[in-house]
Amino acid sequence: MKKWLTVVTAVSLVLLGVIGSACAPKASQTIKPADFYAKNAVALQVGYTPGGGTDYLARIFATAWKEATGGDMVVENKPGGGGIEATNYAFSAKPDGLTLAIHPVANDLLQWLFKNPGIQYQYNKVQFIGFFLDETQVLAVGVGSPHAKKSLDEFRKVDGLKLGSGAASGNQAVGSSLSIELLGLKNAKIVFGIGGGTADLGLALAKGEVDAAVNIVTSIKSQYPKFLNVALMNLDTKRSPYWPEVPAVTEVVKLTPEQQDLLKTYLYFRPGKAVWANPGVPADRIEFLRRTFDRIMELDSFKQQIKTRWPVVVPPLTGEAIAKDVQALMSTPVDKFAQTIGKYLSVQKN
Amino acid sequence: MFESNVGQARGSKHRVHRMVEALSEALLLVFGNPGFIVSMAGGALAGLIVGILPGFGTMLAMSLFLPFAFKMSPVTALPFLAALLAVSRTAGSVTSVLLGIPGESVNAASVVDGFPMTKKGEGSRAVGAGIFASGLGGLVTVILSLAIIPLVVPLVMMIRSADMVFLILVGIAFIGVLGRGTMIKGVVSGGIGLLLGFIGFQPMTGASRFTFDSVYLYSGLDLVAVAMGIFAIPEVVALFATGGTIARGAAGPTAMAGVLEGLKDIFRHWWLFLRSSAVGFYIGILPGIGGQAASWVAYGQAKAMSKHPDNFGKGAVEGVIAPESANNACLTGDLLCTLSLGIPGSAAMVLIIAAFYMVGLVPGPDMMTKNLPLSLSLILTTAVGNVLGVVICFFGASRLARIALVPARILMPVISVLIFVGAYAANQRFNDIVVAVVFGAVGLLMVRYGFNRPALLLGFIMAPLFERNVLVALQVGGPLFFVRPIALVAILAIVGLFAWEPVKGLFQRKRQVKRA
């Protein structure tokens with residue numbers, strides 16, 4: 001009798017366990033996002049080594065996350081492939097909302113534009129949480145250039161200008177190409193390979209190895225006036241709030257309709273940083289993340305920490321807004337843009 | 001044109017007065033502020049742990065500390081980092097000489113002669129020479145840096161991309177020609193190192209080279225994994241094969257006596273020490289080159305100018321003094337360049353700059369004008385950090401030197417774990433462990449067939465910088481980009497290096513014929 005009881009009890013327990021686990025509702029149905037994120041640490045992937053702008057922003061978010069949610073956020077640096085490694089990793093992570101990525105939108109889109117074979121993500125499928133610190137790029141002339149004191153009109157007449165840039169498939173290179181197209185610079189060329197970052201570019205400008213450079217406003221401004229003499233124009237249809245003294249390109253150059261199209265397409269390649277989660281993360285968690293990041297931007301501690309590096313903080317875009325922009329770009333034909341810009345770049349076609 | 005854009009003090013008298021004032025404030029900040037001292041001590045301790053553990057690099061430690069910097073003031077966060085950087089390089093020499101594993105990548109050059117010294121039973125002497133050379137090299141160059149602050153910017157601006165191409169080749173040629181094995185094998189090793197360094201994206205075209213469509217290889221091979229593999233794994237295998245202990249033969253002097261003997265060696269070779277510190281300091285001022293190159297170039301010049309160059313590679317104490325005095329001197333130069341220009345000269349300085357932002361300071365051209373006292377205090381902190389590092393390592397050295405007497409069956413598994421954890425810790429990528437193993441095999445083959453491992457590693461380290469400068473120099477200056485004074489002198493130096501052995505041999509043969 002005892003034996004039978006033991007067997008029946010054991011079998012019942014097993015059956016109950018099996019039935020119970022089958023009936024268990026999905027995590028997001030039983031646990032609220034707020035509780036979920038209070039109890040589980042989020043890993044924020046950064047595709048660069050520590051210390052740069054994206055990493056710095058990630059660390060400020062991580063510090064503020066605790067205040068906003070009570071939970072932990074850990075920054076994980078995964079440098080490699082110009083950020084591709086981190087993006088690939090985040091895209092294929094478990095879709096539980098605990099792995100996020102922060103990365104300049106322009107960089108991910110440019111990899112798509114130039115069809116980099118290493119991409120294992122579909123950028124139009126990521127779930128954007130928010131888009132922060134959008135900036136435009138500025139064309140500036142170095143102190144070492146013989147053309148340092150020229151006005152924009154005089155600068156446009158110079159034959160054989162050299163613009164410094166990093167990698168051929170980077171945002172700097174695309175901005176340089178666009179500048180050459182919009183200004184009609186005669187026989188201008190882009191000198192690639194300058195930089196491991198702003199430091200090399202600043203030195204090349206000061207030494208006169210290159211005449212000018214295009215880079216994001218905050219980077220260019222940090223080099224002024226030690227390495228740069230004057231910023232000629234902002235590659236946008238309006239002035240940058242980071243440097244309102246610099247005129248927009250549309251103010252100083254009368255653009256043809258083709259040039260306007262080029263500029264419009266270029267502006268989709270935003271250097272600002274997007275935070276996103278991979279496809280499959282439940283909608284309630286995405287919504288929670290979006291609201292939390294919005295709340296973080298309003299925290300006094302966050303505002304104080306961010307202002308040393310970004311004295312002016314433009315309002316962020318919502319996840320939905322940046323997703324719309326990305327979708328719009330990825331659905332329109334960009335061959336003409338790639339062709340026009342690509343003629344100044346020696347990018348290997350894949 | 002450069003200076004006209006920066007606020008200038010009127011007259012040299014005013015500048016000197018301003019400097020003296022700022023130095024006094026800096027001294028007060030460093031020695032008069034308990035928070036500063038405590039933070040420095042904390043950084044020194046962290047640097048000791050980080051330096052001793054191979055592969056657990058300074059970069060990782062600094063990035064772990066960064067989130068805490070938000071909540072700290074400048075006088076607590078920055079000295080912690082500066083002391084951590086200084087002491088980690090000193091402590092790294094201990095692992096390099098005792099275990100043959102570079103504690104930090106900048107200590108790799110010390111393995112070449114330091115580890116053979118340990119095998120000969122002179123481990124404590126090697127440790128003493130390493131820690132004192134490292135600490136004193138940093139200290140001496142701090143004094144130098146305070147004197148040459150106004151010259152830093154002109155020194156940096158003098159060197160163009162074209163010059164950098166040939167300066168890098170001089171460094172590789174030094175090691176390739178003067179290292180172990182034949183000249184041909186040395187040059188081939190350096191060349192292979194350069195080729196390995198080209199794996200990844202080509203900076204100009206964006207094309208991927210030798211990546212086999214692997215995202216892992218897009219940014220090239222990891223330095224820590226390669227260094228661990230090339231140097232550390234062959235030593236572990238040798239230990240496994242021979243058994244016994246690292247120290248063979250006679251026990252040598254007592255540990256403390258040995259460490260002090262190492263200190264005396266620095267005074268015996270004082271000119272080498274000063275020269276190597278100067279080399280390291282100047283390389284540190286030039287942005288982008290880094291401590292690894294500084295220590296190898298210092299090693300190369302030590303051998304080139306030695307009366308007994310054949311002793312190098314077999315346990316010559318000069319082979320420890322030169323690279324160790326250069327690597328901390330390089331840090332001082334690096335810090336000075338970063339503060340003077342307001343831009344980071346190395347990866348470690350990128351983190352220092354980030355820390356500036358985190359504590360509410362905006363780094364930039366004002367660091368040496370408006371914020372001069374704080375900048376000087378950071379430079380002084382590296383000096384104090386160097387002294388702290390020497391003191392801490394000195395008292396630990398005699399105990400640590402006994403590692404050389406631990407049986408291989410106990411030591412080998414521990415070292416193996418440290419190697420693989422170290423290779424993984426830098427980027428948390430499993431593939432780095434695979435790379436370490438592969439290069440372990442490469443290192444074994446190189447040892448077996450007499451190829452020059454340091455030349456390969458230096459070529460690998462310098463490849464990205466070399467290529468970038470070649471591309472820029474060609475784009476800016478055309479095919480005759482090398483027609484510049486500094487570049488031409490460097491070319492002559494390379495020709496001289498290659499011609500040295502054959503010419504020396506010719507003269508020796510002529511002398512023998514004459515005697516006969």
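**Salt bridges and a mixed sheet**

A:Lys303 and A:Glu298 join their side chains in a salt bridge, with 3.7 Å from N to O. Keep in mind as you look around that this is a predicted model. A:Lys303 is partly exposed at 38% relative accessibility, while A:Glu298, at 54%, counts as exposed.

That pair is one of 24 salt bridges counted over all chains. Another links the side chains of A:Arg270 and A:Asp134, at 2.5 Å from N to O. A:Asp134 is partly exposed, its relative accessible area being 22%.

Now turn to chain B. Here B:Arg268 and B:Asp265 form a salt bridge whose closest N and O atoms are 2.5 Å apart. The two residues are about one helical turn apart, because they lie three residues from each other in helix α11 of chain B. B:Arg268 is partly exposed at 45%, whereas B:Asp265 is buried at 1%.

Back in chain A, have a look at the open sheet. Its five strands follow the order β7-β6-β8-β5-β9, with mixed pairing. The edges are β7 (189–191) and β9 (228–234) of chain A, each pairing on one side only. Inside the sheet, β5 and β8 of chain A run antiparallel and are joined by five bridges; A:Val141 has A:Ala212 in β8(A) as its bridge partner. Helix α19 of chain B lies across β6 and β7 of chain A, at about 150° to β7(A).

Definitions and conventions. Residues are numbered from 1 along each chain as its sequence is written. Chains are lettered from A and ligands numbered from 1 in the order in which they are written. This is a predicted model: local features need pLDDT of at least 70, side-chain atom pairs count only at pLDDT 80 or more; totals for chains, interfaces and linings use all residues. Side-chain values use heavy atoms; hydrogens and water are left out. Two strands pair if DSSP finds at least two bridges between them. Helices (H or I, at least four residues) and strands (E, at least two) are DSSP runs, numbered from the N terminus. Contact means heavy atoms within 4.5 Å. Axes are lines fitted to C-alpha atoms, for helices over the stretch in contact, and angles run from 0 to 180 degrees between N-to-C directions. A salt bridge is a side-chain nitrogen of Lys or Arg within 4 Å of a carboxyl oxygen of Asp or Glu. Buried means under 20% relative accessible area, exposed over 50%, partly exposed in between (1.4 Å probe, protein chains only).
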